[in-house]
Amino acid sequence: MPGLSVIYQNNLDKNLTAQTINDLKHEPYYRIETLSDSSEMTAVFSGYDAYPRRTISVNDGIIFIEGLIYNKSENNIEESLKIIAEAFKNKHDYHTPIKEFMDTADGDYIIFVFDEISHQFLIFNDRWGRLPAYYYHDAHMFAFSRELKFILPFIREIAISRYTIAEFLLFEFPLGEETLVSDIKRMMPAQLLRVELPDTEIKVDINHLFPLDFSDNPVKRKECLDKCHDLFLESLRNRVNKLKELGYHLTADLSGGFDTRALLGGMQKVGAEVDLYTEHLATGDESQFAEQAAAVFGKKVNRIAVTHDFNLDEMRRVLYLTDCGVNGWTALPCYKDEIERLRQSPPESVRFCGLYGCEYMHRNPPRPGFYHSLTDMLQAGYFVGLGSVSLVGKLFNKTEQELYEHLNSYFTSSYPEKTVRRQVRHRHFEYELKLVTAGEDRGRIHIWSVSPFWSKDMYEFTSTNVPEHYKGRDFYLDFVKRIDKRLLATPIFSSHIIKNSRFNFIYERTLNRLRDLALRTGYSIRWFQKFLTAAQNRRLNRQHQGEREEMVKTVSTIYQKVSKLRFSGEEAILRFASTADNMHYYRLVTLLLYFLELEKRFGKKAKVI
């Protein structure tokens, strides 16, 4: 990913540093900008010309801004950051102005404040951690980068925990601040890192200025709809105005789904001139639905159509490029779509995306009755699928109970919320933070993406003020109608709901309630849970028998090439590949291909722990 990278080490190996920085040139049009370079530290930006960033010179130092802040003028941003830099340099209170900045700045950003005299520096991000970033530190080294792979050459060993592998197979991301590589941490939302060299050992102070805590402050339905509408348009207006001021060309996604439908209406309402693009996705062609929706407003849509062949070598390359943030089945075709999107877009373009904007309905997901903890819900198949914990446990000779204890330990120690309902909300935020934004960040390899649903204030409001009983498509459709009724004049992809059909909403909710009853029964009665799991496996084998045999052969071929990073016996791996659903199967393939690439590059120091 484009962005900031910093390496700070006693006796820094400059040849290794130069080679690692050169590897950040992922495309021919990428460039490297050196921010600071000395015998013990190098800080650079890597990326393309249109990627947003800014460097501000201060007395004996610099301030580097990666990303954009949409609701403040450039002068206001500079003044605020200079106050922070001055306080940091003079050893005054800099936490307070940073916290005030985070609390008022709406955007997607990482900020680097460097004092050239003391060689101390600060790194902090935005309120919701919109730009994934990673860091490592010990007594003699600190490394930070938007790319996990930048850090790998500098650490002594690449150790991968079996529990982390299990988490990825279950959720498609490691939990908390952990990454697939032990000791490399993910920068969490509203986090501040201070790095200094007081004597001979590097000192790193880590602060969470706005700890995550999803509390309740519900409002009435009409007020809620009005507020969502106003915050969404405010977010759009701020982003459109800032990007136009900076000279960017505006483009926007338009699929057949929910979120970009709201984006289309919002763009019309704020008067933005924007080019619309729709893609023939690997999951299905939604272009017909997008074109019908655009025609209501007299707009044309540019179509992106790319051949989606699944070449394992290409998939492995893209997985390493994207730090294994998204499963390979998604990563490779979307990467190809994004290259074609770049080719068709005018220079200096940005991309407005829905980014699962309708997910805000699920930021207050209801806690199903009967369950008293997140672990109870996992046992009934919520979040991971029925029977998945048992299936993953067999890969590591772990019982279900051992895995549940591991997961429960994480939830109870890391989630400050005291009720299951709030913890469900927190878990959904973690899903969005890790999995959803990973897909968005992959797109930034080529074009800067803009997601108005993720504005600081709108996300905070929908996370805490939308009552859980509003969850559902009817609330979303009322929100869309509040923007423009014409948005519901044409069909929505994979939905029978047209013009806010109450019948379909009630029908789908009834089916969900019946499903939940079955899951509760499966949780309560062990034999019934086994029956449901077996029925699921039989259906899978009947529907995809020939295809599944080829899929198992693929896993066998890949795993035979893995040596240092083998985490289970081959028989257990093939059993998993033959019985897991497609989602978990592709997570397994993703890990194996990623591990192959790690071995190819760092084989001597790669191991499973």
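The legends below accompany several close-up views of a predicted model.

**Figure 1. Overview of the predicted protein chain.**
The secondary structure of the protein chain comprises 21 helices and 20 strands. Of its 609 residues, 59% count as buried. Among contacts in the chain with a separation of 6 or more, 74% are made by residues 24 or more positions apart.

**Figure 2. Packing of helix 5 against helix 21.**
Two packed helices are described by the angle between their axes and the distance between the axes. Helix 5 spans residues 162–171 and helix 21 spans residues 582–602; their axes are 8 Å apart and meet at an angle of about 140 degrees. Helix 5 is therefore oblique to helix 21. On the side of helix 5, the contact is formed by Ile165, Phe168, Leu169, Leu170 and Phe171, and on the side of helix 21 by His584, Arg587, Leu588, Thr590, Leu591 and Phe595. By class, the residues of this contact are eight nonpolar, two polar and one charged.

Leaving aside residues up to four places away in sequence, Tyr585 touches Arg548, Met551, Val552, Thr554, Val555, Ala577 and Ala580. Val552 is 33 residues from Tyr585 in sequence, and the two lie 9.2 Å apart in space, C-alpha to C-alpha.

**Figure 3. Aromatic pairs of the model.**
A pair of aromatic rings is described by the distance of the centres and the angle of the planes. A search of the whole structure finds 38 aromatic pairs. In one of them, Phe258 and Tyr476 are arranged edge-to-face, with 5.1 Å from centre to centre and 85 degrees between the planes. Phe258 belongs to the loop between strand 14 (249–253) and helix 7 (259–269), whereas Tyr476 belongs to helix 16 (residues 473–483), so the pair ties together parts that are 218 residues apart in sequence. Both partners are buried: Phe258 has a relative accessibility of 13%, and Tyr476 has one of 1%. Tyr594 and Phe595 form another aromatic pair, which is tilted, with 6.4 Å from centre to centre and 45 degrees between the planes. Tyr594 is buried at a relative accessible area of 1%, and Phe595 is buried at 0%. Phe595 also takes part in the contact of helix 5 with helix 21.

**Figure 4. An aromatic cluster and two charges placed over rings.**
One aromatic cluster consists of Tyr29, Tyr30, Phe45, Tyr48, Tyr51, Phe64 and Trp448. Elsewhere in the model, Lys99 lies over the face of Phe210, at 5.2 Å from the ring centre. The charged end of Arg566 sits over the ring of Tyr559, 4.4 Å from the centre of that ring.

**Figure 5. Packing of helix 12 against helix 13, with the loop between them.**
Helix 12 (residues 388–395) and helix 13 (residues 400–414) have axes 8 Å apart at an angle of about 105 degrees. Helix 12 is therefore roughly perpendicular to helix 13. Val389, Ser390, Val392 and Gly393 of helix 12 meet Glu400, Leu403 and Tyr404 of helix 13. The contact of the two helices has four nonpolar, two polar and one charged residues. The loop between helix 12 and helix 13 holds Asn397. Asn397 is not a glycine, yet it has a positive phi of about 55 degrees. With a relative accessible area of 73%, Asn397 is exposed.

**Figure 6. Asp183 in the loop between helix 5 and strand 11.**
Strand 11 comprises residues 185–186, and Asp183 lies in the loop that runs between helix 5 and this strand. Although Asp183 is not a glycine, it has a positive phi of about 80 degrees. Its relative accessible area is 48%, so Asp183 is partly exposed.

**Figure 7. Helix 15 and the helices that cover it.**
Helix 15 (residues 456–464) is mostly covered, with seven of its nine residues buried. These buried residues are Lys456, Met458, Tyr459, Phe461, Thr462, Ser463 and Thr464. The elements that cover them include helix 3 (95–104), helix 6 (221–245), helix 14 (420–443) and helix 16. Helix 16 also holds Tyr476, the partner of Phe258 in the edge-to-face pair.

How values were computed. Residues are numbered from 1 along each chain as its sequence is written. This is a predicted model: local features need pLDDT of at least 70, side-chain atom pairs count only at pLDDT 80 or more; totals for chains, interfaces and linings use all residues. Side-chain values use heavy atoms; hydrogens and water are left out. Axes are lines fitted to C-alpha atoms, for helices over the stretch in contact, and angles run from 0 to 180 degrees between N-to-C directions. Helices (H or I, at least four residues) and strands (E, at least two) are DSSP runs, numbered from the N terminus. Angles under 35 degrees count as roughly parallel, over 145 as roughly antiparallel, 65 to 115 as roughly perpendicular and the rest as oblique. Contact means heavy atoms within 4.5 Å. Ala, Val, Leu, Ile, Met, Phe, Trp, Tyr, Cys and Pro count as nonpolar, Asp, Glu, Lys and Arg as charged, and the others, Gly among them, as polar. Rings of Phe, Tyr and Trp (its six-membered ring) pair if their centres lie within 6.5 Å; planes under 30 degrees apart count as stacked, over 60 as edge-to-face and the rest as tilted. Buried means under 20% relative accessible area, exposed over 50%, partly exposed in between (1.4 Å probe, protein chains only). A charge sits over a ring if NZ of Lys or CZ of Arg is within 6 Å of the ring centre and within 35 degrees of the ring normal.
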